[in-house]
Amino acid sequence: PISAAKYIWQNGKLVPWEKATVHVLAHALHYGSTVFEGVRSYPTANGPIIFRLTDHTKRLFDSAKIYRIDIPYSFDDISAACKEIIVSNELNRGAYLRPFAFRGYGEIGVAPKNPPPVETVVAAFEWGAYLGAEGLENGIDVCVSSWQRLAPNTIPAMGKAAGNYLSSQLISMEAKRLGFAEGIGLSTDGTVSEGAGENLFLIRDGVIYTPAIANSILQGITRDSVVKLARVHGFEVREQAIPRELLYLADEIFLTGTAAEITPVRSVDHIQIGAGKRGPVTETLQSAFFGLFNGKTPDKWGWLESCSDR
Ligand code: PMP
């Protein structure tokens, strides 16, 4: 179960964790009409910061725009709610935040003339490494899924909506059933897309590759951070279509995500990647990323957003 905090911000108010409930006939529960974010806060010498909160809030509003979900709060209200939920819950050791908006309880049709009211929530709680603390260090075993990612012009991959995660559930459940830690989805053209909840990078001959936005991926904020940090470290990064077999031939592979952070991959479909453990480029990028929070990596971009300025 989730490690409960004290309060959840629900429709403008802090409510006790166990009182933050919803009607069973809410539209989102039946049709997947929730747009959401996953955000992390980290402890730093200057108190807890929320990593790239502005970019996550922007993506929440972008997802809502695609689905014509009219969030009844401003950009600044949502950002302030995220900071408030960390402070009021005294989540000073690092937390995972889940801001979301969904079509609530009203009429039950798919697209009723009077759309159900939009509810807006920000929750936060402590959550450890998504693919395991051990995985962060030693790497994980993954497989290519028999399920493909979302086809273009079906469910938009750029929107982070609850319904998209039916695809992710099929991919991740299949992988785990077969004994892997995570599954990789191909896009409908057969090229590499992304993990069930992570973007993918591979390294071959010193060049870093990651699928492009046209390859049915979520535009991950960790992905963007890694691309920028890699360029600062002098690496060439190519965003392009990646054939499946390049996975097997990579010197290193890692997955990125807010929950997964930067998780090395040591095998794909039981084929060993590189030396079968975290590779040197992955380690450099992990140190650069985690260095943002202990001050070793300069935050040139203003990514560390303090919870005290509200
Ligand atoms: N792809 C999918 C499908 C995801 O769910 C996530 C997690 N939000 C990511 C990629 C990584 O995105 P981010 O780095 O912004 O968390």
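This is a predicted model: local features need pLDDT of at least 70, side-chain atom pairs count only at pLDDT 80 or more; totals for chains, interfaces and linings use all residues.

**The chain as a whole**

- The chain has eight helices and 17 strands.
- Its radius of gyration is 19 Å, close to the 19 Å that the globule rule gives for 310 residues, so the chain is as compact as a globular protein of that length.
- Laid along its principal axes, the C-alpha trace spans about 55 × 45 × 30 Å.
- Buried residues make up 45% of the 310 in the chain.
- Take the contacts between residues at least 6 apart in sequence: 69% of them join residues at least 24 apart.

**Around the ligand**

- The ligand has 14 residues around it, and the closest are Gly220, Ile221, Thr222, Gly257 and Thr258.
- By residue type, the shell around the ligand splits into two nonpolar, nine polar and three charged.

- The domain assignment gives domain 1 (7-125) and domain 2 (133-294).
- Their C-alpha centres lie 26 Å apart.
- Where they meet, 19 residues of domain 1 are in contact with 10 residues of domain 2.
- On the side of domain 1 that touches domain 2, β3 (34-36), β4 (39-42) and α2 (53-66) each supply at least two residues.
- The largest share of that side, five residues, comes from α2.
- That side of domain 1 holds eight nonpolar, six polar and five charged residues.

**The nonpolar cores**

- In soluble globular proteins, nonpolar side chains tend to be buried together.
- Here, the largest nonpolar core has 35 residues, and those touching the most other members are Val142, Leu200, Phe201, Leu202, Ile253, Val265 and Val268.
- Strand β11 (residues 199-204) provides the largest share of this core, four residues.
- Setting aside residues up to four places away in sequence, Leu202 touches Tyr209, Ile242, Leu246, Leu247, Ala250, Glu252 and Ile253.
- Another core, of 34 residues, lies apart from the largest one, and Val39, Ile50, Ala81 and Ile85 are among its members.

**A buried valine: Val192**

- You'll find Val192 in strand β10 (residues 192-195).
- Is Val192 buried or exposed? Val192 has 27 other C-beta atoms within 10 Å, so it is buried.
- Leaving out neighbours within four places in sequence, Val192 is in contact with Ile184, Leu186, Leu200, Pro211, Ile242, Arg244 and Leu247.
- Val192 and Val142 sit 50 residues apart in sequence, and 13 Å separates them in space, C-alpha to C-alpha.

**Loop residues to look up**

- Most residues other than glycine have a negative phi.
- Glu90 has a positive value, with phi near 50°, and is a residue other than glycine.
- Where is Glu90 placed? Look in the loop between α3 (75-88) and β6.
- Glu90 counts as exposed because it has 10 C-beta neighbours inside 10 Å.
- His270 also has a positive phi, near 70°.
- The place of His270 is in the loop between β15 (261-268) and β16 (271-272).
- His270 has 9 other C-beta atoms within 10 Å, so it is exposed.
- Gly109 lies in the loop between β6 (95-103) and β7 (118-125).
- Gly109 counts as partly exposed because it has 13 C-beta neighbours inside 10 Å.
- Gly109 and Asn138 are 29 residues apart along the chain, and their C-alpha atoms are separated by 48 Å.

Technical notes
Residues are numbered from 1 along each chain as its sequence is written. A residue is near a molecule or strand if its C-beta atom, placed from the backbone, lies within 6 Å of it. Ala, Val, Leu, Ile, Met, Phe, Trp, Tyr, Cys and Pro count as nonpolar, Asp, Glu, Lys and Arg as charged, and the others, Gly among them, as polar. The radius of gyration is taken over C-alpha atoms; the globule rule is 2.2 Å times the number of residues to the power 0.38. A residue is buried if 20 or more other C-beta atoms lie within 10 Å of its own, exposed if 12 or fewer, and partly exposed in between; C-beta atoms are placed from the backbone. Two residues are in contact if their C-beta atoms, placed from the backbone, lie within 7 Å. Domain bounds come from an automatic or database domain assignment. A nonpolar core is a set of buried Ala, Val, Leu, Ile, Met, Phe, Trp, Tyr and Cys residues joined through C-beta atoms within 7 Å.
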